[in-house]
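Open the structure in your viewer and keep the sequence panel beside it. This tour gives one selection at a time and says what is there.

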Amino acid sequence: MKRSFIILSLLAAAGMAHAATPIYSWEWTAEGAQITAPNWSGSFNYTSGNDYATFGSSSGTPYNSNITGIQGSFTVSFDLKNLSSTSNGWKDIFSLYTNGTVSGESNSMVLEFTNNGELYLYNKGFGGQTGGNINTGLTWTDLQQDSWTNLSIVSDLSSQTLSVYVNGALAGTITEWNPSSPALTGSQFGASFGNTRPMNGTMDINNIKFYDGVVLPVPEAATASLGLLGLAALMMRRRRCC
């Protein structure tokens with residue numbers, strides 16, 4: 001009885017890891033269905049038969065949203081592939097804002113390509129918190145490939161950390177993270193507000209999610225379940241042998 005309870009508990013934990021509900025969610029399917037939340041300004045371009053949408057960035061087409069209801073710790077995640085632009089240089093993929101910022105880069109954090117094509121998350125004084133940046137380990141070339149890359153940005157006020165995950169693996173962390181104004185008020189794909197360093201290209205995107213809290217990336221459900229089943233089998237084997 002006790003052994004069965006342990007196994008069921010492990011499997012239940014695997015399900016709970018995926019139970020968090022995002023405050024905002026934008027998703028697309030091959031059938032054309034879109035799950036969306038309000039307030040995103042500008043449209044993503046969906047092509048029938050795809051399981052994703054495409055966004056473009058230029059000086060005239062920012063894709064930004066007003067964010068409400070996320071006051072403290074938060075997690076933002078999304079999947080990207082097929083960056084069309086071929087020029088290196090300082091280009092912005094994604095930005096997050098606090099304090100109602102509507103232009104420039106103050107009170108923001110930005111996923112930004114450097115001159116040599118490396119993708120960093122820069123803290124630009126988000127919520128009054130100064131300093132710190134994270135090298136994601138990705139390059140311009142990585143995001144030009146026809147394969148999905150998942151990025152997760154996690155602001156954890158309880159541990160005072162700001163972290164970036166790439167495909168579920170920790171890429172880097174800023175410590176002593178304690179912004180005085182941590183609430184999210186806006187976000188933008190393809191540039192910073194005020195069209196600072198627009199990407200000037202297109203990219204395929206799916207599974208955009210904003211969570212009001214810490215949601216760490218986890219393995220796919222099937223993989224996690226198999227791993228836990230293997231652990232449970234090992235525990236049963238050890239019990240029989242001892």
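Does Phe44 count as buried or exposed? Select Phe44 in this predicted model: its relative accessibility is 12%, so Phe44 counts as buried, the cut-off being under 20%.

Next, turn to the aromatic rings. The structure holds 16 aromatic pairs. One of them is formed by Trp28 and Phe44, an edge-to-face pair with 5.3 Å centre to centre and 65 degrees between the planes. Trp28 belongs to strand β1 (residues 24-28), whereas Phe44 is in the loop between β3 (40-41) and β4 (45-46); the two are 16 residues apart, and their pair links distant parts of the chain. Trp28 counts as buried because its relative accessibility is 5%.

Keep Phe94 selected. In the largest nonpolar core, which has 41 residues, Phe94 and Phe210 are those with the most contacts inside it. Leaving out residues up to four places away in sequence, Phe94 touches Val76, Phe78, Met109 and Phe210, among others.

Now select Glu105, in the loop between β8 (91-97) and β9 (108-113). With 16% relative accessibility, Glu105 counts as buried. Show side chains to find the polar contact of 2.6 Å between Glu105 and Arg197. Beyond neighbours within four places in sequence, the contacts of Glu105 include Lys124. Select Lys124 in turn: Lys124 lies over the face of Tyr122, 5.3 Å from the ring centre.

Finish at Gln144, in the loop between β11 (133-139) and β12 (149-156). Gln144 counts as partly exposed, at 27% relative accessibility. Its C-alpha atom is separated by 8.2 Å from that of Ser85, 59 residues apart along the chain.

Notes. Residues numbered from 1 in each chain as written. Predicted model: local features only at pLDDT ≥ 70, side-chain atom pairs only at ≥ 80, totals over all residues. Heavy atoms only, no water. Helix = DSSP H or I, 4+ residues; strand = E, 2+ residues; numbered from the N terminus. Buried < 20%, exposed > 50% of the residue type's maximum accessible area, 1.4 Å probe, protein only. Polar contact = N/O pair within 3.5 Å; in protein donor to acceptor, adjacent residues only side chain to side chain. Contact = heavy atoms within 4.5 Å. Core = buried A, V, L, I, M, F, W, Y, C linked by side-chain atoms within 4.5 Å. Phe/Tyr/Trp six-rings, centres within 6.5 Å; stacked < 30°, edge-to-face > 60°. Lys NZ or Arg CZ within 6 Å of the ring centre and 35° of its normal.
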